[in-house]
Number of protein chains: 2
Amino acid sequence: MKNKIDIQQNEITDFSDPCTLPCPIERGMRIIGGKWKGSILWYLKDGPIRFNELTRKLRGASKKMVNQRLKEMEEMDLLERKVLSTKPFAVAYEITDFGKSALVFLEQLKDWSLENNI
Amino acid sequence: MKNKIDIQQNEITDFSDPCTLPCPIERGMRIIGGKWKGSILWYLKDGPIRFNELTRKLRGASKKMVNQRLKEMEEMDLLERKVLSTKPFAVAYEITDFGKSALVFLEQLKDWSLENNI
DNA sequence: AAGAGTGGTTACCAAAAGTAAACTAGTTGA
DNA sequence: TCAACTAGTTTACTTTTGGTAACCACTCTT
């Protein structure tokens with residue numbers, strides 16, 4: 001995870017960097033709000049999932065996309081990539097504690113979606 | 001707001017249309033998750049705001065962007081555009097009940113951001 | 001009359017994001 | 001040996017997004 005820059009204390013205002021955005025909602029959205037990110041985290045909540053399985057669940061997303069998102073989310077410490085020493089080898093993606101902390105509000109988003117027929 | 005298509009009952013799977021996405025989290029994200037949308041709604045929660053004021057608050061967003069987002073959000077019934085008959089004329093943007101219903105989880109997102117130093 | 005503020009619109013351009021399809025390389029079962 | 005599955009990577013292409021800057025009509029202040 002990138003270091004946060006305290007925008008109260010200095011004048012760095014590079015708005016292309018999510019960490020310098022003034023609004024915490026905006027900063028949060030840049031972490032969790034990307035295309036597919038929320039869904040991926042949601043699918044991971046019940047246990048590790050393997051790459052192809054995840055791609056199938058996220059119907060409509062290409063392999064490249066899924067892989068890109070997974071890499072980003074691993075860098076942000078939302079999930080972990082684990083290579084299983086099975087034969088043939090497999091890779092499982094597992095949610096981290098930080099990732100789990102985001103589930104609270106993803107659950108609310110899900111409820112909001114369903115309640116409002118979105 | 002677009003009509004929801006019941007994906008349980010038919011086989012329409014146009015994934016470019018948010019409404020046909022299988023995951024409610026993904027559908028919700030397409031409504032509220034865009035760049036600046038969350039912040040705009042958050043700034044509107046304490047009362048109507050005028051265009052230029054909003055643009056100034058959203059430091060880093062261009063007039064064009066703000067206007068685009070406002071139009072989208074008006075179409076989605078998240079907010080209302082009201083022309084005030086003052087001289088010179090002014091425009092105020094006001095949050096709707098539907099918009100207010102999203103504030104619950106935006107608040108959670110804000111807390112999550114602050115708790116995790118995002 | 002000039003300058004600033006209101007709320008935008010427009011044109012142009014660059015960069016980012018997303019897509020399908022082919023390809024890799026190793027393993028396994030028929 | 002061949003097809004299929006694992007987890008991707010690469011390519012080539014199209015689409016979307018976003019940014020700057022100029023412009024507009026109107027009004028108010030100086």
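Ser113(A) is in helix α5 (residues 97–115) of chain A; helices (H or I, at least four residues) and strands (E, at least two) are DSSP runs, numbered from the N terminus. This is a predicted model, in which local features need pLDDT of at least 70 and side-chain atom pairs count only at pLDDT 80 or more, while totals for chains, interfaces and linings use all residues. Residues are numbered from 1 along each chain as its sequence is written, chains are lettered from A and ligands numbered from 1 in the order in which they are written, and side-chain values use heavy atoms, with hydrogens and water left out.

- Not counting residues up to four places away in sequence, Ser113(A) touches Ile118(A) and, in chain B, Pro24(B), Arg27(B) and Gly28(B); contact means heavy atoms within 4.5 Å.
- The largest nonpolar core has 66 residues, where such a core is a set of buried Ala, Val, Leu, Ile, Met, Phe, Trp, Tyr and Cys residues joined through side-chain atoms within 4.5 Å.
- The residues with the most contacts inside this core are Ile32(A), Ile40(A), Leu106(A), Ile32(B), Ile40(B) and Leu106(B).
- Beyond four places in sequence, Ile32(B) touches residues of both chains, including Met29(A), Leu109(A), Leu41(B), Leu78(B) and Leu106(B).

**Helix packing in chain B**

- Helix α2 (residues 37–44) and helix α5 (residues 97–115) of chain B have axes that come within 10 Å and cross at roughly 110°; axes are lines fitted to C-alpha atoms, for helices over the stretch in contact, and angles run from 0 to 180 degrees between N-to-C directions.
- By class, the contact of α2(B) with α5(B) has five nonpolar, two polar and two charged residues; Ala, Val, Leu, Ile, Met, Phe, Trp, Tyr, Cys and Pro count as nonpolar, Asp, Glu, Lys and Arg as charged, and the others, Gly among them, as polar.

**Sheet of chain A**

- Three strands of chain A form an open antiparallel sheet in the order β1-β3-β2, and two strands pair if DSSP finds at least two bridges between them.
- β1 (49–50) and β2 (79–84) of chain A each have a single partner strand, so one side of each lacks a neighbour in the sheet.
- Six bridges join β2(A) to β3 (residues 90–95) of chain A, and Leu84(A) stands opposite Ala90(A) in β3(A).
- Helix α2 (residues 37–44) of chain A packs on this sheet, touching β1, β2 and β3, and its direction makes about 95° with that of β3(A).

**Strands of chain B**

- Strand β3 (residues 90–95) of chain B is largely enclosed by the rest of the structure, because five of its six residues are buried.
- β2 (residues 79–84) of chain B pairs with β3(B) in the antiparallel sense over six bridges; the two form a hairpin with five residues between them.
- Val83(B) stands opposite Val91(B) in β3(B).
- Two bridges join β1(B) to β3(B), which run antiparallel, and Arg50(B) stands opposite Ala92(B).
- Arg50(B), in strand β1 (residues 49–50), is partly exposed at 46% relative accessibility.
- The C-alpha atoms of Arg50(B) and Ala90(B) are separated by 7.2 Å, although the two residues are 40 apart along the chain.

Conventions: Buried < 20%, exposed > 50% of the residue type's maximum accessible area, 1.4 Å probe, protein only.
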